[in-house]
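Please take a moment with the sequence and the 3D view before reading on. The briefing below concerns aromatic rings and the packing of helices.

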Amino acid sequence: MFTKPIHTKILYLVLLVAALLLPFYVPDRYLFQIVIMSILFAIATASMNLIIGYTGQASLAHGAFFGIGAYGVAIMTKAGLSFWLALPLSAVITAFAGLLIGALSLRTRGHYFAIVTLCFGVILWIVAGNWIELTGGHNGIFGIARPSPITIPFVGQIEFNSQTAQFYLALAFLLLTLFALNRIVYSILGLTFMAVRNNEPLADAVGINTFATKLLSFVVSNFIAGMAGGIYASIIGAVGPSAASHMVTFNFLIYLILGGIATLPGAVIGAFAIPIIMEFMQFLGDYRMLIFGLLLVVVIIYFPQGFVGGLRLLNQKIAAWRQSRSTEAGHVKR
């Protein structure tokens, strides 16, 4: 039922090979660092897509959960815990925080849920900046340990001090996230998410526990966001309140809207395209925000499903044009 056409599989394979070879053709370390950050933002944006795009709940606290994961890894690794233990623990703590917040906020709907989650994000940002004993206040936490080396059979020990190793670490987690989300979205569980998104009263009427469905999506989404934040803290080596601010949430939201909401590739495309485009427009200074704002307006009005929706629309028009040409050719032969 959900089998993809062969040309789509070939395209994904080509993109995977291109991603694996990317360290060999990125021109400098600065751009390479942006690529690594884009991968981590893609993980967080993809997780936001689950709760907003597929479940229809406008959570505006994703930056806060990203920050919880980042602070969790920072605090635990500074206390001497291995990164490989700190990361899943931080993700679980983030998910648990999402469970508590979701249990309260998901009893509201629509704009009220968005406002409640936005308030939580702002509160957590204030706490991160003022709980100096735990978070280091506005100075943050520095000197966070890089992921400890791991040994892979037939490969040997891998250390994560170089950018190339960090790139492959982030890429591995991105692929793992996309695989997990793909399995979720194209399953019965994913269909229940979309049923709640499309018509919550109807989903409730046919026996779906809508509250539990939304809560599950919220918790899974925050687990992944916490994981992305934990990797971010370890690779950057520092974390401050800005990593948990509402601006991070809005950045993820813009990546999602421009890339293509409720599409798996959209989150990745948005998280890669926007930071790189903004970087290449640095010479424009603050004027680049005008161009960025104009781009956002155009996409929202003419391509409500973002870049991916635009590409699909173009593909459909080309297919329709080919179909009409073949039909006309058939009439001429007769």
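What follows is a short briefing, grouped by topic. The model is a predicted one, and a search of the whole structure finds 14 aromatic pairs.

**Phenylalanine 41 and phenylalanine 252**
- The ring centres of phenylalanine 41 and phenylalanine 252 are 5.9 Å apart and the planes stand at 55 degrees, so this pair is tilted.
- Because phenylalanine 41 belongs to helix H2 (residues 29-54) and phenylalanine 252 to helix H11 (residues 246-259), the pair ties together parts that are 211 residues apart in sequence.
- Both phenylalanine 41 and phenylalanine 252 are buried, and they form one aromatic cluster together with Phe66, Tyr232 and Tyr255.

**Phenylalanine 113 and phenylalanine 218**
- Phenylalanine 113 and phenylalanine 218 make an edge-to-face aromatic pair, with 5.9 Å from centre to centre and 70 degrees between the planes.
- Distant parts of the chain, 105 residues apart, are linked by this pair, since phenylalanine 113 is in helix H5 (residues 111-130) and phenylalanine 218 is in helix H10 (residues 210-236).
- Phenylalanine 113 is buried, as is phenylalanine 218.

**A charge over a ring**
- Arginine 107 places its charged end over the ring of phenylalanine 211, at 4.6 Å from the ring centre.

**Helices H1 and H7**
- The axes of helix H1 (residues 6-20) and helix H7 (residues 163-185) come within 11 Å and cross at roughly 155 degrees, which means that H1 is roughly antiparallel to H7.
- In this contact, Leu16, Ala19 and Leu20 of H1 meet Phe167, Tyr168, Leu171 and Leu175 of H7, and the residues divide into seven nonpolar, no polar and no charged.

Terms used. Residues are numbered from 1 along each chain as its sequence is written. This is a predicted model: local features need pLDDT of at least 70, side-chain atom pairs count only at pLDDT 80 or more; totals for chains, interfaces and linings use all residues. Side-chain values use heavy atoms; hydrogens and water are left out. Rings of Phe, Tyr and Trp (its six-membered ring) pair if their centres lie within 6.5 Å; planes under 30 degrees apart count as stacked, over 60 as edge-to-face and the rest as tilted. Helices (H or I, at least four residues) and strands (E, at least two) are DSSP runs, numbered from the N terminus. Buried means under 20% relative accessible area, exposed over 50%, partly exposed in between (1.4 Å probe, protein chains only). A charge sits over a ring if NZ of Lys or CZ of Arg is within 6 Å of the ring centre and within 35 degrees of the ring normal. Axes are lines fitted to C-alpha atoms, for helices over the stretch in contact, and angles run from 0 to 180 degrees between N-to-C directions. Angles under 35 degrees count as roughly parallel, over 145 as roughly antiparallel, 65 to 115 as roughly perpendicular and the rest as oblique. Contact means heavy atoms within 4.5 Å. Ala, Val, Leu, Ile, Met, Phe, Trp, Tyr, Cys and Pro count as nonpolar, Asp, Glu, Lys and Arg as charged, and the others, Gly among them, as polar.
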